[in-house]
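Open the model in your viewer and keep the selection panel at hand. The tour goes from the whole chain to single residues.

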Amino acid sequence: MGVCDGLSRCKLALAFAVLMDLLGVVALLLGVFAPLEIKGRDFGDLLVYTGALFVLMSLAGWVLWYSGNIEGLTSKRELGHINSAVDRLARNLSRKIRTYRSNR
């Protein structure tokens, strides 16, 4: 049993998301708390904005990782009677819409 067994699929997207989160938080904290002046110019704002962009990019990694780990839809057998009732309701509604449009 390995360390990454519970992570399932899309480990690259997870690594990207975690790396961007770490870089973003470090850049944000450095920009806020560290006095970063070079030749009289303050570069703290640059790090704050860069950190915010890294965290925003990590959101894409988290969405990719989550959507890549969604299991497939359940089969009709697993849904049982609910599936057949939903199918009948959808067919009846579709027929009513179709007949309404053809009668116009």
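In what order do the elements of the protein run from the N terminus on? The order is α-β-β-α-α-α. That makes 4 helices and 2 strands. Keep in mind that this is a predicted model.

**Whole chain**

Show the surface of the protein. Of the 104 residues, 12% count as buried. Residues 24 or more positions apart account for 66% of them.

**Stop 1: helix α1**

Select residues 11–33, which form helix α1. Pick Leu22 within this helix. Is Leu22 buried or exposed? Leu22 has 54% relative accessibility, so it counts as exposed, the cut-off being over 50%. Along the chain, Leu22 and Val55 are 33 residues apart; their C-alpha atoms are separated by 8.2 Å.

**Stop 2: Val55 and the nonpolar patch**

Stay on Val55. This residue belongs to helix α2. Its relative accessibility is 30%, so Val55 counts as partly exposed. Now select Val25, Leu29, Val32 and Phe33 along with Val55. Together these residues form a nonpolar patch on the surface, with about 470 Å² of accessible area. Which element gives the largest share of the nonpolar patch? Helix α1 does, with 4 residues.

**Stop 3: the loop at Phe43**

Go to Phe43. This residue sits in the loop between β2 (41–42) and α2 (44–68). With 33% relative accessibility, Phe43 counts as partly exposed. Show the side chains around Phe43. Which residues is Phe43 in contact with, leaving aside its neighbours within four places in sequence? They are Leu36 and Ile38. Then draw a C-alpha to C-alpha distance from Phe43 to Gly31. The two residues are 12 apart in sequence, and the distance in space is 7.4 Å.

**Stop 4**

Select residues 81–103, helix α4. Find Arg98 in this helix. Arg98 reaches 55% relative accessibility, so it counts as exposed.

**Last view**

One is the nonpolar patch, which includes Val55.

Notes: Residues numbered from 1 in each chain as written. Predicted model: local features only at pLDDT ≥ 70, side-chain atom pairs only at ≥ 80, totals over all residues. Heavy atoms only, no water. Buried < 20%, exposed > 50% of the residue type's maximum accessible area, 1.4 Å probe, protein only. Contact = heavy atoms within 4.5 Å. Patch = residues over 30% accessible without salt bridge, like charges linked within 9 Å, V, L, I, M, F, W, Y side chains within 5 Å. Areas by Shrake-Rupley, 256 points an atom, 1.4 Å probe, with all protein chains shown as cover. Salt bridge = Lys/Arg side-chain N within 4 Å of Asp/Glu carboxyl O.
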